[in-house]
Amino acid sequence: MSFSSSLDAKELVRRAIDIVELVGRYIQLRRQGRMFVGLCPWHDDRRPSLQVNPERQSFRCWVCNIGGDCFSFLQRIENITFPEALEMLAERAGIELKPASRESQPAPSGALDRRTLLQAAAWAENQYHQCLLDAPEAEPARRYLAERGISNESVARFRLGFSPLRGDWLIERVERQAQRLRILEAIGILARGESGPYDRFRGRLLFSIRDAQGRPVGLGGRLLPDVPLASQAKYVNSPETMLFSKSKLLYGLDLARDAIRRGGDALVMEGYTDVIAAHQCGIAQAVAVLGTALGPEHIRTLKHYARRVVLVLDGDAAGIRRAKEVLGLFLAAQVDLRVVTLPEGLDPCDYLVRYGGQSFEQLIAEQAHDALTHAFLLETRGLDVERDVHAATEALERLLATIAQAPRLSGETTADWRLREEKALQRLAAFFRVEEGQVRQRLAALRRATRRRPAAPAGRAEAAGAAESGRNSARPAEALDSWRRELFELLVVRPEGWSVVRREIAADWLCEGPAGEIFRAACRILDRGQLPDYDRLMLELEDPAIKALLVQWDEQGQLKQQHNVPPEELLREMIERFNYEEEKKRRPAKVVALREGQVDHDQGLALLSELLEQEKKRQGISSPKDG
């Protein structure tokens, strides 16, 4: 549902949320003077560098310079948009948000909103779950789960379900009402055939797929050995809907994310039962893809929560092939990837049931190779470098092509990544009997070729950029010169100066980049007849990166206000400095006009008098007083 993000609604929610309590739900905080501090979740923090200010209802990390209010904290920590953060916090505070009016956000007639779809998905999940627990026809599903070692506690925790074999079971439960059927079709639970709607998942064991906030958004249906179906596909997932996108979702992430944040590792498995078995054994950081290959969106999501990703593969040829397919993606994203292949062709669920969680964790600790080592082992297994020169050359080329997908080493590359690549190149040179300099030259050539590839069409690139910035913007604020930065710092803590600055200083000096967004927000507040103080600016802005800049200015401005220079005097000096700098820019043109006689006698005298006055001011010479 699209909600009105009016200032009144945002202010009600912001006042109702205690940012200390909110942040404390995700990280452990302790009081330090007037502030609260904790370990920052956005970098490898060893000493608490995240500071929460209960007076300003703001947070800021002093290392990675991320900051903001309750909305931007939730946007970043949950990787969601501002409207989603507003809705979540409103629900937490018990505040009902009004849907956006049709005038402000026109929608097609009969369009279904997101909240309605989420409610329908939660209702359907509950119906199927109760069916699995109680219905006689769900006995094959209960028997299958028992054989796989899935406990009743896990059935309840993961909200497993069953869809009876007859295709109208759920349809009857909504009494065949047309509107409710249309909603169930919109979330992909019902499909439409020649004779009307039917249950897409009939006869299957159901795995509820939830988003990172724990809301049901789709289903995965597994074929059961004792239930005859026309479709013999082992798994059937929800189709792409407004709620469900299998290229972005990870099964079990809602239950695993806290454990991943605490431990730093995410274990990525291939099946739903693998994840359930792992959690059942106390391995709470396990997630799975939804019947598709790991893609860039999955990796971005994992990078948001984890410092290291461990890919757990079945010990078969298909598992090995899948590892090859994704290594380059992880390298390109500079994600620390480890790969472990299970022995005896077992999948994780079978391994955990047979050997237990302790053995599984020991296997990962001892045999999880980093991405480059794993790639090397795959390509060189059984390879005779001396006798099969052609195969060796091709293997070396494939390995270098994989490494080339990682960004070129630069000053921003971490020491760990630099060391890892250095060791990999040395190992390649030694194994393939090639000079290390030649290996490096070939890698550089492959990277140059990669950079020369045509970019994505402008339309797609812009759309992708817009989508990314619409979710969790993290664009850095460009460095301002010291004069403008000090001016903004002063204005944030002394908001009565905004109207003076707007009147006295040219807007093009203040309207560039993120700083300009704050200036324009202040102007909008002034136009409403209000004072653009810190709280109103926070409510006016929605971009987390811009809010982080505002928090930074506020904190620096508060520190500087402890000095004894009156703010009115500081503001007057800044405006005079601006006027002087502007006049200095125009001075050369005026001097040329005088020298070349481009003005008449009276204009020349006026220009000369003006230039002399400016020079006196520059040298600190006062004009004579009357009398």
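Rings of Phe, Tyr and Trp (its six-membered ring) count as a pair if their centres lie within 6.5 Å; planes under 30 degrees apart are stacked, over 60 edge-to-face, and the rest tilted. By that rule, the whole structure holds 18 aromatic pairs. This is a predicted model: local features need pLDDT of at least 70, side-chain atom pairs count only at pLDDT 80 or more, and totals for chains, interfaces and linings use all residues. Residues are numbered from 1 along each chain as its sequence is written, and side-chain values use heavy atoms, with hydrogens and water left out.

**Stop 1: an aromatic pair**

Select Trp42 and Phe73. Their ring centres are 5.8 Å apart and their planes stand at 75°, so the pair is edge-to-face. Trp42 is in the loop between β2 (35-38) and β3 (50-53), while Phe73 is in helix α3 (residues 70-78), 31 residues apart. Helices (H or I, at least four residues) and strands (E, at least two) are DSSP runs, numbered from the N terminus. Is Phe73 buried or exposed? Phe73 is buried, at a relative accessible area of 0%; Trp42 is partly exposed, at 21%. Here buried means under 20% relative accessible area, exposed over 50%, and partly exposed in between (1.4 Å probe, protein chains only).

**Stop 2: another pair**

Go to Phe376 and Phe431. The centres are 5.2 Å apart and the planes at 80°, so this pair is edge-to-face. Phe376 belongs to helix α16 (residues 371-380) and Phe431 to helix α18 (residues 415-432), 55 residues apart. Phe376 is buried at 8% relative accessibility. Phe431 is partly exposed at 23%.

**Stop 3: a cluster and two charges**

Select Phe158, Phe207, Tyr235, Tyr251 and Tyr272: they form one aromatic cluster. Next, show Arg56, whose charged end sits over the ring of Tyr534, 4.3 Å from its centre. The test is NZ of Lys or CZ of Arg within 6 Å of the ring centre and within 35 degrees of the ring normal. Then find Arg180, over the face of Trp123 at 5.7 Å from the ring centre.

**Stop 4: the cores**

A nonpolar core is a set of buried Ala, Val, Leu, Ile, Met, Phe, Trp, Tyr and Cys residues joined through side-chain atoms within 4.5 Å. The largest has 50 residues; Leu132, Leu160 and Tyr251 have the most contacts inside it. Colour α5 (114-134). The largest share of this core, eight residues, comes from α5. Finish with a second, separate core of 46 residues, including Leu327, Leu331, Val339 and Val385.
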